[in-house]
Amino acid sequence: FVLLGLVSAVVAIVFMRATMFASDVAERTPLPPWARPAAGGLMIGIIAIFYPHVLGVGYEATNAALMEEFSLWMLIVLIVLKTAATAISLGTGFGGGVFSPSLFIGAMVGGAYGIVATNAFPELSSGHGAYTIIGMGAVAGAVLGAPISTILMVFELTGDYAITIAVMISTSVASIITQQVHGYSFFTWQLARRGIVVSGAHDVGLIRSTTVRDVMALEYETVTPETSIATVRNRLLTAPFGELFVVDGDGRLSGVITYADLHEAAFDTSHDAELTAAKVARARPTVLAADETLESAVKMFSTSGEVNLPVVDSKETMRLVGVAQEHAVILAFHRALDQARAEQRLGL
């Protein structure tokens, strides 16, 4: 069963990398996006002319493997062709999923392994069908990144403790090897392509999926470097967040002013003729880029000790585009977490 888990891991890795390769090829092809599904369907149709088993969810072929109706050669051919057909389908956007194909391929892998194991050690073999079920669980668990769910699903289907223990061994081995070699499951890869990183804890994944731009405030008060100190005092009285942002004619941020930054000039007007916004501003303030994640924002708030941070379009141009508030960042995180929990309860 450990060896079957190793074989299943190899097949799962090849399956996922074939799908990734097909997706990359489809994106680089000169065909327009609307024509790619048609091209994918044509290629799958050509395969299906000779091997119709690759079409659909493959229940009939999986059942045939369980009933030990396929030869070793046929099982190997179906592993290769189903992998190719699924990769083409997903890569070109033709339609289809990955759950049923992973079960299909796992059944073929288990069946092929069962034939070899039975011929080599007939007195120790449990029959081709048993290995087929184990292979289904091992490959599907490794591809989907859900070994526990797969093991429970097999147990519910069979009610056989002996097979379930074998599935646990093979699925655990396959999942660990796939995780160590490939780094992630199929669905994690799909999320990564969309810019959603889930490599850390669940809450970290959520906070990384939202950017500062999504939660920043667009109302803020600005002054030019030449603004008089008297005007600065008056503007601070009504400024949102109690801060003024010093920007030049091109909108580039050069400093931040609060009442604390004014020091004696907050109430002493004897030097008003000499002071301007540029002279009292806190130069080189801590800033956030609009495209930074909430994870980065939380770390920045923690290290800077600020409750409000200016947001710029990029740290190269330093053009002011908004203001991030610490409480808004934390609130956005908790809302995302509550939404995720609600979706889990509803089974979404």
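Helix H2 (residues 36-50) has 15 residues, which should span 21 Å at 1.5 Å a residue; its end C-alpha atoms are 22 Å apart, which agrees. The expected span is 1.5 Å times one less than the number of residues. This is a predicted model: local features need pLDDT of at least 70, side-chain atom pairs count only at pLDDT 80 or more, and totals for chains, interfaces and linings use all residues. Residues are numbered from 1 along each chain as its sequence is written, and side-chain values use heavy atoms, with hydrogens and water left out. Helices (H or I, at least four residues) and strands (E, at least two) are DSSP runs, numbered from the N terminus.

**Helix H2**
- Arg36, Gly40, Gly41, Ile44, Ile47 and Ala48 are buried in H2 (under 20% relative accessible area, 1.4 Å probe, protein chains only).
- They lie on the same side of H2, because they cover an arc of only 125 degrees around the axis (taken from the directions from the helix axis to the C-beta atoms).
- Ala38, Leu42, Ile49 and Phe50 are exposed on the other side of H2 (over 50%).
- The buried residues of H2 pack against helix H1 (2-28) and helix H4 (72-92) (contact: heavy atoms within 4.5 Å).

**Open sheet**
- Four strands form an open sheet in the order S1-S2-S3-S4, with mixed pairing (strands pair if DSSP finds at least two bridges between them).
- Strands S1 (221-223) and S4 (282-283) are the edges, each pairing on one side only.
- S1 and S2 (residues 244-247) run parallel, joined by three bridges.

**Strands S6 and S7**
- S6 (residues 308-312) pairs with S7 in the antiparallel sense over five bridges.
- Val312 has Leu320 in S7 as its bridge partner.
- Five of the six residues of S7 (residues 320-325) are buried.
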